[in-house]
Structures are given as structure tokens and as C-alpha cells.
Amino acid sequence: MLSWRPQASIAILALSILLFGTAFATAEDYWGKTLPNVPTQFLFGYGSLINTASRNSTATKLAPAIPVRVSASFGYVRAWIEQSPSGFTALGLRKPRSDEKATTINGVLYPVEEKDLPLFDEREQGYTRVAVPLTDMEAVSWQQLPKKAQIWIYIPDTDSTKLEDKPQPPSRDFPIVQSYVDIVVQGALEYSEDFARELIETTTDWNEYWLNDRGLARRPWVQDKASRVVDR
């Protein structure tokens with residue numbers, strides 16, 4: 001028959017206090033405390049950075065994202081204006097022309113390690129990283145914006161004196177390529193078809209200079225299972 005040993009009970013209580021600090025912690029003791037290493041640097045992606053696989057190909061640490069929207073008060077429109085040296089036109093932001101108004105811009109917000117910012121800067125050559133006020137951004141799902149954050153967005157360089165270096169719409173030498181469209185739209189489809197339609201409808205400077213560079217142009221579904229949805 002087992003007998004109660006007060007010495008053993010005292011030893012167990014002492015060990016509990018040693019391991020856990022206090023034997024009877026309450027919720028009020030921890031209210032208001034955050035986890036260590038909460039990120040403070042965030043990037044807003046509105047083009048290929050919406051796509052998780054594309055985004056994570058640059059980050060050294062996987063970057064979960066939330067769908068968000070930038071207000072029209074930020075003063076830009078999303079457009080096909082950034083001519084890449086490799087021969088296609090990518091998405092960028094520009095100020096509205098005299099016959100236009102600034103629009104909302106949907107995309108994703110994701111945390112980035114301080115050491116990864118130079119990697120994204122290198123990836124986004126031809127763009128300048130610009131701060132976005134937290135007040136110009138809204139979450140579009142149940143996931144909320146971080147309360148304390150420095151948010152950055154990439155905007156095409158406009159300080160060059162050379163006309164050929166300034167943002168330009170798609171042309172014969174720099175068309176919109178379907179493979180880039182696929183990356184962007186499939187990224188938006190990670191959130192919903194409505195989110196993808198919003199991206200298309202709030203993007204301007206679409207024109208006739210378009211190149212279908214899919215691996216199998218007449219049978220794209222063989223290599224890209226999402227091609228039918230993107231085309232629709």
C-alpha cells in the first residue's frame with residue numbers, strides 16, 4: 001500500500017516552480033505581451049509578388065501573405081509600364097494622367113526579414129522602394145493589418161533624364177507576355193476569382209502588344225493546370 005510522503009510532494013512543487021516560474025500563473029499575467037521577434041518590415045506586392053511561389057523564390061524565409069488593398073488616396077494606378085531588359089513589359093504603378101483618376105490597388109502584404117530587403121531590391125531593379133502609410137491600406141479578409149509596421153511598395157523609377165528609361169506602355173519590342181500574366185493572375189487566384197478579377201479591372205494600359213509565350217500555346221493545360229481559369 002502506498003503511503004503519502006510530504007517530502008516528495010514538496011520536492012515536486014519546488015521543481016514545478018523552478019521549471020515554470022510559478023505554479024499558478026493566470027491569464028492576466030500575460031495580457032498585452034507579444035511573441036518575440038514580431039516582424040516590423042512588410043512589403044506590398046501588386047504584380048508577380050502576389051504569387052506565393054514567385055515571392056518565396058526571393059525570400060530566405062517563407063513569407064505568408066494576407067490579401068489587402070491600397071486606397072486611391074495613395075495617388076497611383078496599376079499599369080503595364082515597366083519595360084524589362086529581357087524584352088517584356090511588367091506591371092508598375094504610375095501617377096494618373098489628366099484624363100484619369102487614381103484607383104484602389106489590390107495585392108498582398110507580407111513580412112520580410114531585414115536582411116531580405118536588399119534581395120527584393122535587387123529583384124525589383126528599375127523600381128524604387130517607397131513607404132506606404134498604414135492609413136492608406138485595408139485588409140480584405142478576416143486577417144487584419146499589423147498594428148505596428150513599416151510598409152514598402154515598389155514603384156518604377158522616374159528620375160531618369162532618358163526617355164527610353166522612363167515607364168512606357170507595352171510595345172512591339174516589349175510586349176505583355178502570357179507567362180507573366182499567368183504568374184500574376186494565379187497569385188490572385190490563391191485568394192479568390194473575385195480578387196483576380198479586381199486585379200485585372202484595376203490594371204490599365206492593356207493593349208494589342210501581347211505575346212503568347214506559354215510552352216504549349218494551343219494546349220496550355222498540359223503544363224499549366226490553371227490556364228483555363230486564368231483565360232476565363
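I sorted the lining of the largest cavity by residue class and got seven nonpolar, no polar and no charged residues. Nonpolar here means Ala, Val, Leu, Ile, Met, Phe, Trp, Tyr, Cys and Pro; Asp, Glu, Lys and Arg are charged, and the others, Gly among them, are polar. The model is predicted: local features need pLDDT of at least 70 and side-chain atom pairs 80 or more, while totals for chains, interfaces and linings use all residues. Residues are numbered from 1 along each chain, and side-chain values use heavy atoms, without hydrogens or water.

I listed the lining: Trp80, Val181, Val184, Val185, Leu199, Ile200 and Trp206. A cavity is a set of points on a 1 Å grid over the protein atoms alone where a 1.4 Å probe fits but cannot get out, and lining residues have an atom within 4 Å of a point. H4 (178-189) and H5 (193-201) each supply at least two of the lining residues; H4 gives the most, three.

I noted a volume of about 30 Å³ for the largest cavity, taken as the space filled by probe spheres set on the points, which are joined across faces, edges and corners.

Next I looked up Asn51, in the loop between strand E1 (41-45) and helix H2 (52-56). Is Asn51 buried or exposed? Asn51 counts as buried because its relative accessibility is 10%, with the cut-off for buried under 20% (1.4 Å probe, protein chains only). The Asn51 side chain reaches the backbone oxygen of Ile183 at 2.9 Å.

Key
On a 1 Å grid over the protein atoms alone, a cavity is a set of points where a 1.4 Å probe fits but cannot get out, and a pocket is an open set with protein on both sides within 12 Å along at least five of seven lines; lining residues have an atom within 4 Å of a point. Helices (H or I, at least four residues) and strands (E, at least two) are DSSP runs, numbered from the N terminus. Buried means under 20% relative accessible area, exposed over 50%, partly exposed in between (1.4 Å probe, protein chains only). A polar contact is a pair of N or O atoms within 3.5 Å; within protein, one must be able to donate a hydrogen and the other to accept it, and residues adjacent in sequence count only if both atoms are side-chain atoms.
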